[in-house]
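Okay, thanks for coming, everyone. Let me put the thing on the screen and then talk you through a few parts of it.

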Amino acid sequence: MIARLLIVLPVLAAAAAMALRRNDIGVRAACVGTGLVMAVLAFVGMVAGLGRAPEVVSTISGVTLPDLRMPWLLWTSPAIGVVTFVVAGVAAVIQAYAAWYLATDDRYATFAATMSLFTAAMLLVVQSADLTLTLIGWEVMGWCSFLLIGHWSRTEVARRAAAKALLVTRAADVGFVLGLVGLAVGARSTGLADVLAYWTSPEAPVNARALALSLVVVGVLGKSAQFPFHDWLPDAMAGPTPASALIHAATMVAAGTVVLWALYPAFVLAEPARWLLGVSASITMLGAALLAFAQSDLKRLLAYSTVSQVALMLGAIAAVPAQVGPDAGLFHLLSHALFKALLFLVIGWLAVVVGSTAASAMRGSARADWVSRVALFVGLAALAGVPLFVGGVSKELVVEGAFEGAVSPSGPGVVVLVVILLTVVVTAAYSTRAFIVVTTHRPGGAPTRRTMPWSVATVLAVLTVATTLGGVLALTGAFVLPSSSWVWLAISVLLITVGVSVAWRAGLRGDPAEELAGRFIPYADRGLGVDRLYTDLVARPVLAAAAVARFLDTEVIDAYVRATAFTARLTGTGVVRAHRGERPAVGTALVALGVLVVGIVGVMTWS
Amino acid sequence: MVLSAALALPAMVGALLVVFGSALGARPSRWVAGAAAVGSAGLLWAGLVRGEVVDVLWVPDLGLRFALRADGYSVPFVLLTSLVLILVVAHTAYEVPSGGSAGGYLGCVLLVGSGALTAFLAGDMVLFFLAFEVVLIPMWVLIGRWGDPHDLAARRDAASRFLLYTAVGSTLMLVGILLLAHRRGSTGFAVDAVQGTGPRAVLIVLLLVLGLAIKLPVFPLHTWLPAAHTIAPTGGSVLLAAVLLKLGSYGLIRLPVLSAPEAFAVIAPWLGLAGGVGVVWGGLVCLAESDLKRLIAYSSVAHMGFVALAVSTGSQLGIQAAIYSSIAHGLIASLLFILVGGLKHRWGSASLTVAREPLREVSPRLGAILVLGLTASMGLPGLAGFWGELLTLVAAWSPAPGRPRSVFVASAIIAAVGAALAAAYVVRVLRLVWLGDAVAGQRGRPIVRVDIRGVEWAVTAVLVAGIVWLGVYPYVLLDLTVVAPAGPAVAP
């Protein structure tokens, strides 16, 4: 019941918000209120589901076609219960924050409704036990992200970023759709249980499985902003901060992790798909962390850090062997949801205070109030993976899982493990840099002061507590996690210390990025020119092909048609001259042609 | 009897309006035409619910029968045609195109509807052909007389091209039908299919497919469509998209696929490939097209590519996908043409190269409905377009036996790429007409602030409801089409 409510309620809330759009209080009641109710419901569902076996939840009745069964089921398990709760909870908190952030926006109702729909789509993907439902949630999220990123559509930056997000993810979705279709056709069903049963059975064709799952991985790389599709996410910062927080933390980019987690029993058997995911995630993980370090805009720093952290989840899923299972990646998803939401909302608050997200403008901005300082510290510590914070717990589990993968005979475990360890150092360094930038004294005088509204303070407090204590979710027994070892804990702490101290030493003289990578900053700000590559290698050729197609359509294909008409008219004119009769219509000539065809065919057939 | 009356009512009223319409005035004509459309829909409903079958010997010497019957494949098309007919008549309360009397216009609309309904209900191939032909004449008049008044030469060209092109197609189809009738010894639909893949069977299927592919239209036989769609008045475009193209998809299912399945399998790969290429082709042209109405027309080419691919798979699932795509496209294209017609009415042209006030800022309700129509067109889940495209891909991934699977998988991949192009051109259109800078400070642009309301709003609201309903509640249409067509309803 709760599983179904969690999808239906936000859809209804979105509809209500659109109906009440002229009444701000009504919209708030609909969206924020529903969000809170959903968080409570999801909590109840999570607690009730702990320790129980996975079970299937029926929805609207499915359809059985002659060649395809579509059961349209949801499912719950303890792990899904926890993820659902975190998604619903984070979404509720972000809805509350948005009510403050966009209080004076004339299109707040549309925004809140879209966020609500977006949450519904994500909860559908999380709880889906059917490839069709997964695809529905997946595509609806893509469209909602277009609306959210482009919310401030009066600016060209937002319009371009929104279009880019939709088109890049939609291009990758060609793979996703075809992969899901391939999986469904093999199993003659879209039900997750049928699909897994067929594709994990010994008679499943190995190459088809590898192909279908690799195609699914391509779609995941797009939606999760992984190399080479990653560049849409930093641009998406043009959207309002709550939209960024929602897209980055609990939904959209994390959806790929959920899908691959659900498909894991088949995925782990498809070696090429594992390597594709592992290599792409490895490149993204380290590359995005380095780019994050050198960003001159703090919101973009968070964007690249999301790209890198999602790569960590996907890398874990690619690397872990079958006997360990993919839960470590899923646990990092919810850990990241908590601390990334916290970081976005703190930075969003500080940016409102100083009026910019540039690192130079935000320098020392957190000195004004202790709430943001504490929140920022906790969020960044979790991001860096400091033990005991939720991010530390999850990163530890990912490292353990990758190690298990590295010592197992198959999969990209070694590559992923090495890259994870390098990434830990860089992540600690850029987290430290962000903290130094926002908290150290600004030469230009005292920071701007502004009283934090109670709603923002509550939101930050809730997320800070959750980020600090979220690690206990690992103890609920909902996840099958690799056993932790003191050796890896010690290695992680050592690596984090290295990263922190390098950044800290440089931070004594100013912004660590300028000290350590000053020359790299302009390139990092442009994302190494990947946007240019998209334009030159994809957009331009496609538009050129479009122009050619249009030309061919009118000048070549249509020319045959015109030629027919012309010939007919010529014949007609000839007939006119021959007989002094009425000018025959072009049609007569053509029909005569048809009669001729009839005659020829008739002779051929009956002879 | 009820079914015959349902067809005769709009035909007779239509003929009377064509003859006496100019004497009647716009408003009375509208009421008369509306009564005929609604009355016909009611009679059809009654006939369908009672499962009525008409079968009268018509031309005894030739063995021709006036046979009407409905099954799961024809009912969706019949209902779509009835609905669209009512909406097109209602829409004249918003705008009557210039070029002649309202009565004449409505008369032609009713004649098109009556002919199309006859074709969908026909139980006899010759009756199907005749109805198919009868539709062309009033449609030709609609385009040639009530078409875009701006360019007389283009109007004449579009109208005559439409007529000639599709007449050539019908001629080919007629030959195919006659050969098929000769082979089967009956002109009825519901007799045993032609077996085997002999050269004659393949020739029959080739003629039928060619003729119907022009109607659908399938790439590269599509060039009559953009001209006709662009020039036709709003109601004419709607009828073209929702009714005439559907004659093509219905005919493809009814004639080659069901009448000669084995021979159809021989040429099906080519049809499937043409369908897949058509999706990409239509999408590409939409990326470069500078007239919004033409752009929507080319998006129809892309959608009909999906239908061609679905039909060519020859499987039950493929047929269902084709019907779903066709019905969805009928609703979506109707909505888009009504919206674009309204925009053209407001703007004076549908050119995308003119900078205009963004719809989101000046007429938000019209903008929102346009967004819904375009996202449905790109196959967003929750809206009608999604199921047809998804099921088409599934069907193409596992075509009916006797077909080269690799060709169909390749076609599916091409079509999936084309579906991504749909997102690109939708975003392009949205950025050109929906999104933009705030109104303040924009000077020198024509200010059009008339939002959608009244009849225009009601008509689009019905279509929106249909699109959402088919998107979130696919059972009815899938259940309707899941059953194979009923056994011989007409004695051979």
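Predicted model: local features only at pLDDT ≥ 70, side-chain atom pairs only at ≥ 80, totals over all residues.

Residues are numbered from 1 along each chain as its sequence is written, and chains are lettered from A and ligands numbered from 1 in the order in which they are written.

So, chain A. Its C-alpha trace spans about 100 × 60 × 50 Å along the principal axes. It has 25 helices and four strands; those are DSSP runs, H or I with at least four residues for helices, E with at least two for strands, numbered from the N terminus. Of its 607 residues, 58% count as buried, meaning 20 or more other C-beta atoms, placed from the backbone, lie within 10 Å of the residue's own.

Now zoom in on A:Ala99, in helix H3, residues 78-101 of chain A. Is A:Ala99 buried or exposed? Buried, because 20 other C-beta atoms lie within 10 Å. Leaving out residues up to four places away in sequence, A:Ala99 touches A:Arg28 and A:Val32; contact here means C-beta atoms, placed from the backbone, within 7 Å.

Next, helix pairs. In chain B, the axes of H5 (residues 125-146) and H6 come within 10 Å and cross at roughly 175°. Axes are lines fitted to C-alpha atoms, for helices over the stretch in contact, and angles run from 0 to 180 degrees between N-to-C directions. H5(B) and H6(B) are therefore roughly antiparallel, the word for angles over 145 degrees. Their contact has 17 nonpolar, three polar and three charged residues. For those classes, Ala, Val, Leu, Ile, Met, Phe, Trp, Tyr, Cys and Pro count as nonpolar, Asp, Glu, Lys and Arg as charged, and the others, Gly among them, as polar.

Over in chain A, H17 (residues 370-384) and H20 (residues 454-469) have axes that come within 10 Å and cross at roughly 30°. The residues in contact include A:Val374 and A:Val378 of H17(A) and A:Leu460 and A:Thr464 of H20(A). By class, that's seven nonpolar, four polar and no charged.

Technical notes: Buried ≥ 20, exposed ≤ 12 C-beta atoms within 10 Å, placed from the backbone. Contact = placed C-beta atoms within 7 Å. Parallel < 35°, antiparallel > 145°, perpendicular 65-115°, else oblique.
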